[in-house]
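Visitor: Could you walk me through a couple of pieces of this one?
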Amino acid sequence: MNVPAIRKREAMSLKQTSSPFWDSLTGLFSKAFFQIYIEQEIQRQNRYGNTFSLVLMDIDAFGFFNRKHGTDRGNQILKRLGRVIQETLRGADIAARCAGDRFAILLVNTEANDALIVSEHLRKAVETDSNGEITVSIGFTASTGNIQSGPEKVFQEARSALKRAKADGKNRVYHHRQMAPQTSGDIQPTILIVDDDPLNQELLEGLLAPLGHSTRLADDGVEALECLGQTEIDLVLLDIMMPGMDGFEVCKRIKANEETRQIPTVLITALDDVQTKVKGIEAGADDFLTKPPHKAELIARVKSLLRIRQLNRNLTGIENVLFSMARTVEAKDRYTQGHVDRVSRLAFSIGKKMGLPEKELNALRLGGALHDIGKLGIPGEILNKPGPLSDQEWTIMKTHPEIGHDICFPLKKNLGHALDIVRHHHEKLDGSGYPDGLKGDEILMVTRIMAVADIFDALTSDRPYRKAMSNQKALDILHEEAQAGKNDISVIHHLTQLVSDGE
């Protein structure tokens with residue numbers, strides 16, 4: 001029995017038992033699960049020399065289809081497409097719905113020539129199944145050799161190929177190596193130009209031509225938002241004065257959406273007054289240009305904002321992987337379902353009641369979400385053991401704060417004190433905690449809060465070896481620990497007030 005088939009069965013088991021990891025509409029895996037799985041595939045490739053191909057697929061003009069036929073009909077199409085994908089792929093391959101009409105497929109042990117055959121077969125199958133009602137564009141890359149940069153480089157290559165497939169007429173397949181002069185190290189950004197006047201669109205495209213970047217056009221705000229939901233956009237040039245939804249409202253919606261808020265958005269207007277700029281700042285605009293824009297100024301600002309976009313993209317990609325990995329802990333440890341969210345909320349509430357500044361409250365929120373991520377390195381038989389751990393098993397369990405710290409360390413500048421929480425949430429004021437045996441003032445207040453919140457939730461939740469305790473019993477135990485000099489009594493007092501108030 002081959003290894004990929006075993007991995008697939010394990011993945012399907014997780015799919016059936018953990019709803020955050022699969023998409024109920026299409027029956028495919030979720031983006032969160034796919035990110036974790038491709039990380040594991042990269043590790044296997046680096047270790048054993050395996051090869052895999054990453055395929056990204058978009059439905060062509062799906063926004064127009066939804067406007068014409070309605071979202072119910074669009075959902076039917078997505079459901080059918082999920083079935084076609086599953087019927088087309090081999091049992092060892094992994095497919096996921098990433099967002100909207102964007103799909104990702106991992107073809108294990110598959111080189112470029114075979115990935116091209118599979119992709120073409122999939123493209124034709126979609127067109128045949130829908131009787132030509134819909135088509136898809138596909139971009140793919142084949143990954144060989146040792147990968148040190150993680151999945152982002154592989155995704156960039158596939159995204160770049162997909163962009164070219166759509167730009168060259170849609171309903172086609174591109175391998176990223178077909179795209180000379182582009183290479184995997186020269187991924188071209190895509191700029192969205194939003195203006196109801198075709199002459200203004202043409203002017204901006206002409207001014208930007210020397211940069212060699214890809215451009216997309218939208219005639220109004222509705223079309224712009226649909227494009228942002230379907231295509232990887234790196235910068236928006238947005239006219240203010242448009243019929244229907246004006247540029248201010250479009251900008252507000254871009255910045256209010258978690259998926260698009262980090263895309264730099266430049267408002268372009270013939271109005272050069274303070275009131276317009278204040279309104280634009282309130283809408284979240286990153287910059288302003290006056291019509292008609294000066295070529296040198298436009299190019300300079302676009303270059304600057306695209307550099308910022310790339311930095312944000314790199315950081316966001318790492319953060320998303322971390323949070324996806326943290327969620328995986330709950331799938332691995334069936335006795336801690338919801339623990340991460342509960343602890344994060346409780347620690348934040350305690351900190352807020354204690355009057356901590358915003359920076360420390362944010363550390364509690366992040367630290368709560370990530371505090372148990374190191375349990376990824378703990379064997380499942382230890383996490384789910386239906387009874388007390390042996391001394392040897394307990395020694396292994398106590399390594400999870402250090403493992404979590406090592407996983408999160410690349411983002412230390414962004415995580416701040418949240419990284420201290422990950423490492424030190426099992427420390428005690430009397431020095432009896434682990435992994436570093438810190439004492440007293442060596443333990444930050446945010447870490448003391450997290451330790452109390454973590455213990456309280458553990459005591460009031462079912463565990464393999466006991467039933468959940470009442471809130472009062474858990475508080476009594478925490479007070480006993482505080483009297484023994486292990487936990488901060490002021491934190492426990494504030495927790496007691498929260499529980500009494502029913503917050």
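Predicted model: local features only at pLDDT ≥ 70, side-chain atom pairs only at ≥ 80, totals over all residues.

Visitor: How many residues of strand 4 are buried?
Guide: In strand 4 (residues 102-108), 7 of the 7 residues are buried, so the strand is largely enclosed by the rest of the structure. Buried means under 20% relative accessible area and exposed over 50%, with partly exposed in between, for a 1.4 Å probe and protein chains only. Strands are DSSP runs of E of at least two residues, and helices are runs of H or I of at least four, numbered from the N terminus.

Visitor: And which strands pair with it?
Guide: Strand 2 (residues 52-59) pairs with strand 4 in the antiparallel sense over 7 bridges, and strand 3 (residues 94-99) is joined to strand 4, also antiparallel, by 5 bridges; pairing requires that DSSP finds at least two bridges between two strands.

Visitor: What stands opposite Arg 102?
Guide: That is Asp 58, while Ala 95 stands opposite Ile 105.

Visitor: Switching to helix 7, which residues are buried there?
Guide: In helix 7 (residues 198-208), Gln 201, Leu 204, Leu 207 and Leu 208 are buried. They cover an arc of only 130° around the axis, which puts them on the same side of helix 7; the arc is that of the directions from the helix axis to the C-beta atoms.

Visitor: And the other side?
Guide: There, Pro 198, Leu 199 and Glu 202 are exposed.

Key. Residues numbered from 1 in each chain as written. Heavy atoms only, no water.
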